[in-house]
Amino acid sequence: MLKQLGELASKALDELNKVSGLKEIRTWQTRYLGKKSSLTQILRSLATLPAEERREIGARANEIKATFEIELARKKKTLEKAKIATLVKQEALDITLPGYSISPGRLHPTTQTVREICSVFGNMGFQVVEGPDVEWDYYNFEALNIPKSHPARDMFATLWVDFETENGDKPMLLRTHTSPAQIRVMERTPPPIRAVIPGRVYRYEATDATHEWMLYQIEGLAVDKHITMADLKGTLFEFTRRLFGDKRKVRFRCDYFPFVEPGVELAIDCTACDGAGCRLCGNTGWLEILGAGMVHPGVLRRVNIDPKTYTGFAFGMGVERISMLRYGIDDIRLFYSNDLRFLKQF
Ligand code: FA5
């Protein structure tokens, strides 16, 4: 087979030398490097050869393949240069015309906001972690104190991927929030924990100016000895200051989430009307930006963290809503409608 390879190489390179057009070169490529070429067949059949032969023939065949590829690229370049020279000679190509400028790409506004938020928390000592978009019911609900048939499930409009079956299949869904990643982090990391988890979440939602069916959230989690509500308030207060500036007022109010106790919502005074009341804030003067609370002892126990020794806080915010406030965007549907006129503004 070595002899056959040697003959193949010299025949192919000889033919390549004689190729004089770009069309011919494609034929050569198919003949000597294509799926049905002798070289590909030899490479495919290596597995069937005895070990000793496989090593020697494999090495030689790969060497020939690399040579073919190098020589092919070289020939293509030469032919392209020759073609351009001919066109210039015939004045069919005016090389004095200015070229097309390629406008540089940019990051999507959501990516920019995600990175900015993660960097604010990064500077406060939080690590960035990710979790899966497709989640088990256990992580999205059960481990977060939302058992089957619990009315709290109604708070989440869910897109199911798989249901529980008699064969033992477990229910699976597109995660409705980033909170399941809290559980995954706590399962594999002993305290102290400081983590932020950005990612997409999905809800079976009728979309409107402030609701999308697919959105980004950033979850935050801190678990340690002696963590109190004061730490939660201090951290989130500092976060809003760094992201929205000193001028904004911050309001904490009680809220309910089954996996925290007590639970709160954080709102800032409206960025559009400075709290006077307008359409954006529904005339309340306040805009809710996130949900938060002290991690429920039942949640800690489920991941084998003793709630008598450790406490923690968690929070979850919607990234697009934050971008809307920062950039004055009045419709969330603009983010993912792929309209370049919108995207080019960021
Ligand atoms: C939650 O998803 C909780 N997991 C947050 C949490 C985490 C609470 C940790 C306590 C501890 P909620 O459903 O309110 O909560 O969503 C959080 C944020 O996501 C909201 O404040 C909002 O900014 C954003 N959000 C929720 N639904 C949508 C939607 N359909 N479109 C756009 N943004 C949304």
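Leaving aside residues up to four places away in sequence, Arg153 touches Asp137, Phe141, Glu142, Ile146, Pro147, Lys148 and Trp160, where contact means heavy atoms within 4.5 Å. The model is predicted: local features need pLDDT of at least 70, side-chain atom pairs count only at pLDDT 80 or more, and totals for chains, interfaces and linings use all residues. Residues are numbered from 1 along each chain as its sequence is written, and side-chain values use heavy atoms, with hydrogens and water left out.

Arg153 lies in the loop that runs between helix 6 (137-140) and strand 3 (159-162). Helices (H or I, at least four residues) and strands (E, at least two) are DSSP runs, numbered from the N terminus. With a relative accessible area of 14%, Arg153 is buried; the term buried denotes under 20% relative accessible area, exposed over 50%, and partly exposed in between (1.4 Å probe, protein chains only). A polar atom of the Arg153 side chain lies 3.2 Å from the backbone oxygen of Ile146.

Side chains of opposite charge can pair when their charged atoms come close. A salt bridge is defined here as a side-chain nitrogen of Lys or Arg within 4 Å of a carboxyl oxygen of Asp or Glu.

| Pair | N to O distance |
|---|---|
| Arg55 and Glu52 | 3.6 Å |
| Asp137 and Arg153 | 2.8 Å |
| Glu238 and Arg242 | 2.8 Å |

The salt bridge between Asp137 and Arg153 links distant parts of the chain, with Asp137 in helix 6 and Arg153 in the loop between helix 6 and strand 3, 16 residues apart. Both of these residues, Asp137 and Arg153, are buried.

Arg55 and Glu52 are separated by about one helical turn, because they are 3 residues apart in helix 4 (residues 51-89). Arg55 and Glu52 are both exposed.

In helix 8 (residues 229-244), Glu238 and Arg242 are 4 residues apart and therefore separated by about one helical turn. Glu238 is buried, its relative accessible area being 19%, whereas Arg242 is partly exposed at 40%.

Beyond individual pairs, salt bridges with shared partners join Asp137, Glu142, Lys148 and Arg153 into one network.

Conventions: A polar contact is a pair of N or O atoms within 3.5 Å; within protein, one must be able to donate a hydrogen and the other to accept it, and residues adjacent in sequence count only if both atoms are side-chain atoms.
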